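Here are a few notes to go with the model. Have it open while you read.

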Amino acid sequence: MIKLYDGGAYLINGTELIADSSDALAALESKTGIKTTKEKAGEGTMAYRILSAHNTSGNMENLNIKFDKLTSHDITFVGILQTARASGLEKFPVPYVLTNCHNSLCAVGGTINEDDHAFGLSCAKKYGGIYVPPHQAVIHQFAREMLAAGGAMILGSDSHTRYGALGTMAVGEGGPEIVKQLLEQTYDIPMPGVVAVYLKGKPQKGVGPQDVALAIIGAVFKNGYVNNKVMEFVGEGIKNLSVDFRIGVDVMTTETTCLSSIWETDAAVSEFYDIHGRAGDYKEMKPEKIAYYDGVVEVDLSAIKPMIAMPFHPSNVYTIEELNQNLMDILHDVEEKALVSLDNNDIQFSLTDKVHNGRLYVEQGVIAGCAGGGFENLCDAADILRGKSIGTDEFSLSVYPASQPIFMELVKNGRIADFMAAGATVRTAFCGPCFGAGDVPSNKGLSIRHSTRNFPNREGSKVTSGQIASVALMDARSIAATAANQGYLTAATDMDIEFTKPAYFFDKSIYDNRVFNGVGKADPSVEIKFGPNIVDWPKMYALTDNVMLKVVSMIHDPVTTTDELIPSGETSSYRSNPLGLAEFTLSRKDPAYVGKAKEVNKAEKARIAGEDIYAADPALKDIYAAIQKSFDVVPEETEIGSVIFAVKPGDGSAREQAASCQRVLGGMANIAREYATKRYRSNLINWGMLPFVFDGDLPFDKDDYIFVKDIKKAIETKSDTVQAYVVNKDMKEMTLRLGALTDNEREIILKGCLINYNNKKN
């Protein structure tokens, strides 16, 4: 199904690949008559041209990108706007869309969610933005319908910000990067590598976009093949995919840990823009006659079979056929792998007990959100379910169209009636099933979902409360086939179905009647509406010459997700309250973390107030006594903070709160073997935290103190390394690395956070 090239390759006329080798350039010249170089051919990618058009740095090695449009949802926009306001925001310089699709049904905290929505609308009026009310559209569907444009770049504060199938390069980042754009600053990155995803062949009937996406994720996630690179979709197979199909593959590229994506566009994409009343936004996108790629993911679409990503990661993939043929062995293997993710001896996780009469039985199906709620996915699923019943046992099915225009068209063409007649429930546009705020299964339940992720607790269960449920990712078609068999796992290719493929008619009047569009019409006289949960960020302080860190958590899992750093689900309602949300930090991974971090922070608060730090933390007296045998250090001038160690933190969501919650509790650093994503590392930096990397055997453990000497000097002099010491009765030296930092990132860390950096500038 999937072939990965060992090295780079040249693409000729968008159709022929030549692997990089000593004689590749000669072969190219022989075939095309064009003499080129690898560097020049690298400029032939679509990604290079788009990035070049948006780069303001003057060189293509280190990019300073300005985006055309911005988008956020109601879990992120309050914190973003509060940060931007504290940094001097006057009006939105580019179109900025505030959608309300994450906290629209979650009812934790009384009026909190609706207070955030009122805040968002008032800010859209004051600063000149677009406000999409709850239940109208999930963030990415609205962007596809109303924002995307050929050759454009969009930045979103949600990790699944991906509109490459429409010719738009989109990036999902933490909130502070949105803030920088609102303040007319830039998104600064080295020129990313570009990997070709070469599609050939045509999918089998019953195979959907999630099947293709999961096959790709399974091939590239663990080996980091596309990590922080741009995935560029090319090849003759693209023409065999509808635009909805392409969108369904594209949105899942986030789970590969790539930076962004871009696709060739054609007449089908032109028709998409025309249907949505935006024909002028179409642009033909294709590589130059010769383009060089840093790697190639070759996908034979005809060989893709219905896939399933078993708990607890989208890369834990099997074909449904393989799973059904080796059911007990694979389920047992998944259970063993789960022990690493769950890390809790009190939880008894089992899947083998779901085998009934030799078949896997699941309790729930969900088709939802930016990945599953598209028009074609739901029409195909309805075709499978028409005239059938999902049964009266435990199995349930819920369907969430991705926008009101899609919902209305499904009502008009009868597909909603098909779902309801079969026993499915149909909901409004909502992202909750993707992060645990809707359709939470029963304890020990297994849910199959066409959504984005299946991390531990992502479906809403709480291990720390003795609960465990799990999600397996599948395509809408195979979910519908399973539903038609009343909960017994079934591949859509095993069903004899004729897909009707009805035409889609987009009715923009739904948005005209409800969406506030204030672009270019900022009104400074508007008073912002604040609910009692909307709280300003606490004051943060500049970095001192040396720092004292106490290790408060050690996470040895191979990968740590942002869901584990700060849970999603019902906690999302508190994201407009930095200190309130911080109470949930690491609650599903290390419940003792918050208390330990607060204890460390007592000493730092005492230091700032000029009080006795030893009264706040008596252990510091012996620690400083040991240090002062070797160095002339003034404790009162040395910042004290907590630090966590994780092997590879930051996989998953772009949520800045994974970092900011540590910061407001007094966190000063992370120490990692590597960072899973650029966006998590950027979040640490933007909140003034030190993104340390350490190689070798760990010389420290939980509750140890680490003294980092001359950290301020190291950052000022652009040193990659800094000397640190694990302090007990003696001093054990270690070397920490900071990794590449831009000049602006260094200044942000020195000032203490992005807010301080911008206040200083202002």
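1. In which strand is S72 found? S72 sits in β5, residues 69-72 (strands are DSSP E runs of at least two residues, helices H or I runs of at least four, numbered from the N terminus). Bear in mind that this is a predicted model, where local features need pLDDT of at least 70, side-chain atom pairs count only at pLDDT 80 or more, and totals for chains, interfaces and linings use all residues. Residues are numbered from 1 along each chain as its sequence is written, and side-chain values use heavy atoms, with hydrogens and water left out.

2. S72 has a relative accessible area of 0%, so it is buried (under 20%, 1.4 Å probe, protein chains only). Leaving aside residues up to four places away in sequence, S72 touches, among others, F77, Y96, L98, I139 and I178 (heavy atoms within 4.5 Å).

3. Now the helix pairs. α14 (residues 375-385) packs on α16 (residues 415-422) at about 45°, axes 9 Å apart (lines fitted to C-alpha atoms over the stretch in contact, angles from 0 to 180 degrees between N-to-C directions).

4. L378, C379, A381, A382, D383 and L385 of α14 meet R415, D418, F419 and A422 of α16.

5. α25 (residues 657-664) and α26 (residues 678-686) pack at about 30°, with axes 8 Å apart. They are therefore roughly parallel. A658, A659 and Q662 of α25 make the contact with Y680, N683 and L684 of α26.

Terms used. Buried < 20%, exposed > 50% of the residue type's maximum accessible area, 1.4 Å probe, protein only. Parallel < 35°, antiparallel > 145°, perpendicular 65-115°, else oblique.
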